Amino acid sequence: MGLVVQKYGGSSVADAEGIKRVAKRIVDAKKNGHQVVVVVSAMGDTTDELIDLAEQVSPIPAGREFDMLLTAGERISMALLAMAIKNLGHEAQSFTGSQAGVITDSVHNKARIIDVTPGRIRTALDEGNIAIVAGFQGVSQDKKDITTLGRGGSDTTAVALAAALDAEVCEIYTDVDGVFTADPRVVKKAKKIDWISFEDMLELAASGSKVLLHRCVEYARRYNIPIHVRSSFSGLQGTWVSNEPQGDRKVEQAIISGVAHDTSEAKITVVGVPDKPGEAAAIFRAVADAEINIDMIVQNVSAASTGLTDISFTLPKAEGRKAIDALERAKGAIGFDSLRYDDQIGKISLVGAGMKTNPGVTASFFQALSDAGVNIELISTSEIRISVVTRADDVNEAVTAVHTAFGLDSDSDEAVVYGGTGR
């Protein structure tokens, strides 16, 4: 048997009983002959509680100290889990991200992994121990400061360790039974997917599916690490994410993999932009210099009488104020008239590698939205994805309508969200 990396989310280790249940599952994997490395998130809502506490003390906490605070949650989980495993008669050692060799850049609160040097983890495994690693954190390469990887960063920690240790698989344990054709909290008839390609999973993750973080899937694809998404609350097989179906599993790739939605974005419209070369570049340079990622972009046709146009784009709500401020500072140089900000929007995305060879998918998608009375504000496409922006109030109805229109509804029991969050 080979080496397995397992990651457990906050809902899986939310309390003492959950930690003991997870410990038993880890020990069972060890008894089956595997070397086991475990990446663990903070217990339940610990991270949110720490964020609230920080904001009560300081409205704008310093990045370095904020990271020092937030990483405490994972350290609590890893130590308690190691204790629970030892209580079952097996040796376990816990490691912070720094001790595990997770090297990052120096950007606090959203650091990126540069390298993983898991010497201490390898030593622990060679000694027959189970290694428990605090997820979501690392150490900066230059200043040796503690850093965090951003929300959901434990998934990325797990895949990065799996790649560095040449693991057979990275198992992501969550509170749903796998990846579904839609969010089971919204679409009760969503179906579990047995296997999905990295390509389709990347699009679903980027479009708002919360089961796997986009950076995690991207890392796994780069190093060809199979991911098995499954629930820590049941013994059911989950969803395999890989280049090809695993083992003897022969699964034909579906035309449509699923429907994702996202209500965490806002829309900014730059009104009255001179329609000449360089204006769009200046707008998005101002946004980029503020270190803001944008998603969808639409430019209207220039009005012949004025020579002006409007440019709309979407971005995370949390970055909205920063983007508005950056554009206001650049207004004189760019020469636009005004800005409009709208955070009551939602994005619905249809994803599937098969759509590029199947005519009629686009027509069916828009017909389903039309039949549901959903108005479209923006449209963006790729070879395997169609995304639209609608009013936030229409998102749930739109997702359900599109899911049904493409025959994705399940005839069996409703999907179960064991922990209530879908992560």
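Visitor: Where is the place of Glu-291?

Guide: You'll find Glu-291 in the loop between α8 and β15. Keep in mind as we go around that this is a predicted model.

Visitor: Why does Glu-291 count as exposed?

Guide: Exposed means over 50% relative accessible area. Glu-291 has 54% relative accessibility, so it counts as exposed.

Visitor: What is the phi of Glu-291 near?

Guide: Its phi is near 60°, a positive value in a residue other than glycine. Most residues other than glycine have a negative phi.

Visitor: Which other loop residue has a positive phi although it is not a glycine?

Guide: One of them is Asp-166, with a phi of about 55°. Look for Asp-166 in the loop between α5 (153–164) and β9 (169–174). The relative accessible area of Asp-166 is 64%, and the cut-off for exposed is over 50%, so Asp-166 is exposed.

Visitor: Back to α8, then. Which residues of helix α8 are buried?

Guide: Helix α8 covers residues 279–289, and its buried residues are Glu-279, Ile-283, Phe-284, Ala-286 and Val-287.

Visitor: How do you know that the buried residues line one face of α8?

Guide: Look down the axis of α8: the buried residues fall within an arc of 145°, so they line one face of the helix. As background, an α-helix has 3.6 residues a turn, so residues three or four places apart point the same way.

Visitor: What does the face of α8 turned away from the buried side carry?

Guide: That face carries the exposed residues Ala-281, Arg-285 and Asp-289.

Visitor: What do the buried residues of α8 pack against?

Guide: Their partners are β14 (265–274), β15 (297–299), β16 (308–316), α9 (320–329) and α10 (331–334).

Visitor: How is β2 joined to β1?

Guide: Six bridges join β2 to strand β1 (residues 3–8), and the two run parallel. In that pairing, Lys-7 has Val-39 of β2 as its bridge partner.

Visitor: Which strand do four bridges join to β2?

Guide: That's β6 (residues 130–134), which runs parallel to β2. Here Val-39 stands opposite Val-133 in β6.

Visitor: And in β12, which residues point which way?

Guide: Strand β12 covers residues 239–242: Thr-239 and Val-241 point one way, Trp-240 and Ser-242 the other way, and all are buried. In a regular strand the side chains alternate between the two faces of the sheet.

Visitor: In what sense do β10 and β11 pair with β12?

Guide: Strand β10 (residues 195–197) pairs with β12 in the parallel sense over three bridges, and Ser-197 has Ser-242 as its bridge partner. Strand β11 (residues 227–231) pairs with β12 in the antiparallel sense, also over three bridges, with His-228 opposite Trp-240.

Visitor: How many disulfides does a search of the whole structure find?

Guide: The search finds zero disulfides. Take Cys-170: the nearest cysteine sulfur, that of Cys-216, is 6.4 Å away, while a disulfide needs the sulfur atoms within 2.5 Å. Cys-170 is therefore in no disulfide.

Visitor: Why do Cys-170 and Cys-216 count as buried?

Guide: Buried means under 20% relative accessible area. Cys-170 has 0% relative accessibility, so it counts as buried, and Cys-216, also at 0%, counts as buried too.

Visitor: What makes Val-388 count as buried?

Guide: Val-388, in strand β20 (residues 385–391), has 0% relative accessibility; the cut-off is under 20%, so Val-388 counts as buried. Among the residues Val-388 touches are Met-296, Phe-365, Leu-369 and Ile-379.

Visitor: Last one: how do you know that the radius of gyration agrees with a compact globule?

Guide: With 423 residues, a compact globule would have a radius of gyration near 22 Å; the protein chain has 23 Å, so the value agrees.

Terms used:
Residues numbered from 1 in each chain as written. Predicted model: local features only at pLDDT ≥ 70, side-chain atom pairs only at ≥ 80, totals over all residues. Heavy atoms only, no water. Buried < 20%, exposed > 50% of the residue type's maximum accessible area, 1.4 Å probe, protein only. Arc of directions from axis to C-beta. Contact = heavy atoms within 4.5 Å. Pairing = 2+ DSSP bridges. Rg over C-alpha atoms; globule rule 2.2 N^0.38 Å.
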